[in-house]
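Hello,

Here is the structure you are taking over. Please look at it first, then read the notes below.

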Amino acid sequence: QEAGAFFFACVKDDGSVVGFVNGTLSSEQSLTHDSMSMHDPAGSLLCVHSVCVHEGVRRSGIGSKMLKNYVEMVKATQPAVTCIALICKKYLITFYA
């Protein structure tokens, strides 16, 4: 609720949600588990918590498109954000690279 501007959903024409990206702001200089623990509206570091895609549509490019659109939306609407970072499991590094 506190970071609603940093929640982005991918919705099909029928209204069903097929995925989402969400994050919070931090005043910290780097991304850590601690910097992601609370939303700081005055922060300039956007910590991306989740890029989630419904199991039935995975591996169709939706996750990549959502993340790209999310970054573009943040750049266009959130001038206070100076850095976007995410933390992920090791096996997902190639997806985000």
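In what sense do strand 3 and strand 4 pair, and over how many bridges? In this predicted model, strand 3 (residues 45-53) runs parallel to strand 4, with four bridges between the two. Within strand 4, Leu86 is the residue that stands opposite Val48.

As background, strands of a sheet pair through backbone hydrogen bonds, either parallel or antiparallel.

The sheet as a whole is open and has four strands in the order 1-2-3-4, with mixed pairing. Strand 1 (7-11) and strand 4 (83-86) are its edge strands, each pairing on one side only. On average, neighbouring strands are turned by 25 degrees against each other, direction ignored. Helix 1 (residues 62-77) packs on this sheet and touches strand 1, strand 2, strand 3 and strand 4. The direction of helix 1 makes about 155 degrees with that of strand 3.

Next, the cysteines. The structure has zero disulfides. The sulfur of Cys47 has its closest cysteine sulfur in Cys83, 8.6 Å away, which is too far for a bond, because a disulfide needs the two sulfur atoms within 2.5 Å. Cys47 is buried, at 0% relative accessibility, whereas Cys83 is partly exposed, at 37%.

Last, Ser26, which lies in strand 2 (residues 17-26). Is Ser26 buried or exposed? Ser26 is buried, with a relative accessible area of 4%. A polar atom of the Ser26 side chain lies 3.5 Å from the backbone oxygen of Ser35. Leaving aside neighbours within four places in sequence, the contacts of Ser26 include Ser35, Asp40, Leu45 and Cys47.

Regards

Technical notes: Residues numbered from 1 in each chain as written. Predicted model: local features only at pLDDT ≥ 70, side-chain atom pairs only at ≥ 80, totals over all residues. Heavy atoms only, no water. Buried < 20%, exposed > 50% of the residue type's maximum accessible area, 1.4 Å probe, protein only. Polar contact = N/O pair within 3.5 Å; in protein donor to acceptor, adjacent residues only side chain to side chain. Contact = heavy atoms within 4.5 Å. Pairing = 2+ DSSP bridges. Axes fitted to C-alpha atoms, helices over the stretch in contact; angles between N-to-C directions.
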